[in-house]
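User: I would like to learn how to read a structure like this one, feature by feature. Please give the general idea each time and then the case at hand.

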Amino acid sequence: MPQKIQITLAQMEAGQTGTVIQILGGRGLIRRLEAIGIRPGKKATKINSALFRGPVTLRVDQTQAAIGFGMANKILVEIDTST
Amino acid sequence: MKILLMGNPNVGKSVLFSRLTGTHTIASNYPGTTVGFTKGYLKLGEEQVEIIDVPGTYTLEPTSKAEEVAAEMLKEGELVIDVVDATNLERNLNLTLQLLERPVPVIVALNMWDDTHHRGINIDVAKLEELLGVPVVPTVGVTGQGIRDLVRRLPEAATPQTTYASSDERWAKIGDIVSQVQSLSHRHHTWRDVLEDVSNHPAGGAVFALLVLAATFFVIRFIGEGIINYVTDPLFNWLWTPLLMKLSLVLGSGGFWNDILIGKLINGEINYLQSFGLLSTGIYIPLAIVLPYIVAFYFVLGILEDVGYLPRLAVLMDTLLHRLGLHGYAIIPTILGFGCNVPAVMATRILESRRERFIAATLISIGIPCAALQAMIIGLVGQQGMQYVAIVYGSLFVSWIIVGLILNHTVKGFSPELIMEIPPYRFPPWRVIGEKLWLRVSGFIKEALPIVLGAVLVVNILYMLKVFDFIANIAAPVLTGLLGLPKETVVALAIGFLRKDVAVGMLAPLGLTAKQLVISTTFLAMVFPCVATFVILARELGARDMLKATGIMIAAALIMGGLLNLIL
């Protein structure tokens, strides 16, 4: 049975891939994330996060990006744990 | 006609610009190298057209000052060359589609075309051209491939003016286009990927950064000292000194012209650090001491920039820099500051908020000594032992941190979080690195040499007019009381306003103790920036904030200098 859980990008484990569901933020944040390719429907792979709530590094398509921990906490992703 | 080169950050606009115009500009492998704009000219048939290298932008709805510049400039363009990173088609097309809504003809340069092959990306160019309704030309900026086609097809640039009701609709269209023109095939895990994995890992990254930092210092020192010991010193000692001695004889070994041109002879000989004539010290400081370090620094910086290491360093430094009211990206202007504070302050434009720009510019002016100053510190203070050089650097670093902590708590406004693209590691041809190095080194010679000569001339004239005795007596209480320096040093500190390297040079004949050298050079590095940096600070921050920053610098320098005087 497929198990789908929703967590934020900040909560993901390094190496995990999830589908972006929603950006829990204002228009400004949505626009800036969208500019570097992070928007609902995209698959995001978390590469790792820095210590002490430092920035989170992730890959979307061909782009590698780093975003602040607070921003990562506003990105809701869905992870399919059945596979 | 005005042609604009536009595109996302770090897609190679500046490299294409150099190719199109023959004008060389600084290009690097990180987003935001171009913060101002550069103009150049291209001969198109009979017509001379102006080409403008616009700062990179992800969108026409600006989110930073550099992006504002880009959006503003679009109004003036009569044709847009939209530079697209072929390895990142989907994200880049967002700007392309926004541009196609505007009433301006557009042509697309599909740049970094060579990279698509080893990344397993296949793009159907003809189909893309058909779907966009404007010409699409594959190009490779660093080799020049496709540039001719691009120029040939400029007249075909079209204005579809297709508009979209919302950004969702635009993204839907982009998805549609990408699915039709792009196919991905398997790609091998290369050693570049391994390197990327290591430097991205939090612990591995920190170790890697320390290794890079250590290697950087070693290589800069090795190259700088090497050039001084084996090239510039021998040249000056064997060729220049005999010439100057002859000139001195002709001038009668004394008198006005001898003093101005050659300076004072020490035991009947020229001493390049103490004579202080235009042709002796005035030439020796910039060309024999500073230039070797400029070459060494910009050579290493150029490699770090083009390889794409700096954005990774930014991620690593983010947590620390947040405590100083900045975010990781501020490390890029800071590192530029070790070369020269002028481009560093300009580069603070990549930061989003006014508060961040103020903090970053102030911290650079206080804690980051430029290459010219560093070369002189290593040369002069290093004679007393490298531990004293370490104290100078340590004091600057501590001041940088403490002033940052204070500013973070006192300056109003907010500092946003880090959000940045991390470019892949790239290895540009040596020719490209060499050209950039030459551009920066020749820039230094053209801009710094006249100011150094001017400063030396001013020093000589003021000495003759005995102005310094007057100033020295006024400043004596602060200098001797607080900093423990002889009153003569005030002359050097005052000249620091013109050029810091000349100022350190003026400390040489004073016979200072190691402690006094440490205090005076640290004070000199912190107290206020040179006149060139002042002008840029005023332009970037506004006159009021520039004065505020200067006040902070003077206060910090006095406190640090006083503390060193107590502790050492």
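User: How much of chain A is buried?

Analyst: Burial is judged by counting neighbours: a residue with 20 or more other C-beta atoms within 10 Å of its own is buried. In this predicted model, 39% of the 83 residues of chain A count as buried. For chain B the figure is 46% of 568 residues.

User: What elements make up chain A, and in which order do they run?

Analyst: Chain A has two helices and six strands. Read from the N terminus, they follow the pattern β-β-α-β-β-β-α-β. The radius of gyration of chain A is 12 Å, close to the 12 Å from the globule rule for 83 residues, so the chain is as compact as a globular protein of that length. The C-alpha trace of chain A spans about 40 × 30 × 25 Å along its principal axes. As for contacts between residues at least 6 apart in sequence, 62% of those in chain A join residues at least 24 apart.

User: How many helices and strands are there in chain B?

Analyst: Chain B contains 24 helices and nine strands. Its radius of gyration is 26 Å, close to the 24 Å that the globule rule gives for 568 residues, so chain B too is as compact as a globular protein of its length. Its C-alpha trace spans about 80 × 55 × 45 Å along the principal axes. Of the contacts in chain B between residues at least 6 apart in sequence, 71% join residues at least 24 apart.

User: Into which domains is chain B divided?

Analyst: The assignment gives domain 1, residues 2-184, and domain 2, residues 203-567. The C-alpha centres of these two domains of chain B lie 38 Å apart.

User: How should I read a sheet, and what is the strand order of the six-stranded one in chain B?

Analyst: Strands of a sheet pair through backbone hydrogen bonds, in either a parallel or an antiparallel sense. The sheet in chain B is open, with the order S2-S3-S1-S4-S5-S7 and mixed pairing. Its edge strands are S2 (38-44) and S7 (136-138) of chain B, each of which pairs on one side only. From one strand to the next the twist averages 25 degrees. For one pair in detail, take S2(B) and S3(B) (residues 47-53), which are antiparallel over seven bridges. There, Lys43(B) has Gln48(B) in S3(B) as its bridge partner.

User: Which strands does helix H3 of chain B lie across?

Analyst: H3(B), residues 89-101, lies across S1 (2-7), S4 (79-85) and S5 (106-111) of chain B, and runs at about 165 degrees to S4(B).

User: Where do the two chains touch, and how many residues of each are in contact?

Analyst: The size of an interface is often given as the accessible area lost when the parts come together. Here the description is by residue contacts: 23 residues of chain B are in contact with 24 residues of chain A. On the chain B side, H3, H12 (310-323) and S9 (419-422) each supply at least two residues. S9(B) gives the most, with four residues.

User: What is the order of the sheet that includes S9(B)?

Analyst: This open sheet has seven strands in the order S1(A)-S6(A)-S2(A)-S3(A)-S4(A)-S5(A)-S9(B), paired antiparallel. The edge strands are S1(A) (4-8) and S9(B), each pairing on one side only. Neighbouring strands are turned against each other by 40 degrees on average, direction ignored. S1(A) and S6(A) (residues 75-80) pair over five antiparallel bridges, and Ile5(A) has Ile79(A) in S6(A) as its bridge partner. H12(B) lies across S4(A) (56-60), S5(A) (63-67) and S9(B), running at about 140 degrees to S9(B).

User: Is helix H16 of chain B enclosed or open, and why?

Analyst: H16(B), residues 371-380, has ten of its ten residues buried, so it is largely enclosed by the rest of the structure. Among them are Leu373(B), Met376(B) and Ile377(B). The buried residues of H16(B) pack against several helices of chain B, including H9 (202-250), H11 (281-307) and H18 (430-464).

User: Does Glu130(B) count as buried or exposed?

Analyst: Glu130(B) lies in H5(B), residues 125-132. It has 12 C-beta neighbours inside 10 Å and therefore counts as exposed.

User: What confidence does the predictor give?

Analyst: Where pLDDT is low, the predicted coordinates should not be read in detail. The mean pLDDT of chain B is 89, with 97% of its residues at 70 or more. For the complex, the ipTM is 0.90 and the pTM 0.87.

Terms used
Residues numbered from 1 in each chain as written. Chains lettered and ligands numbered in written order. Predicted model: local features only at pLDDT ≥ 70, side-chain atom pairs only at ≥ 80, totals over all residues. Pairing = 2+ DSSP bridges. Axes fitted to C-alpha atoms, helices over the stretch in contact; angles between N-to-C directions. Contact = placed C-beta atoms within 7 Å. pLDDT = per-residue confidence, 0-100. Rg over C-alpha atoms; globule rule 2.2 N^0.38 Å. Domains from an automatic or database assignment.
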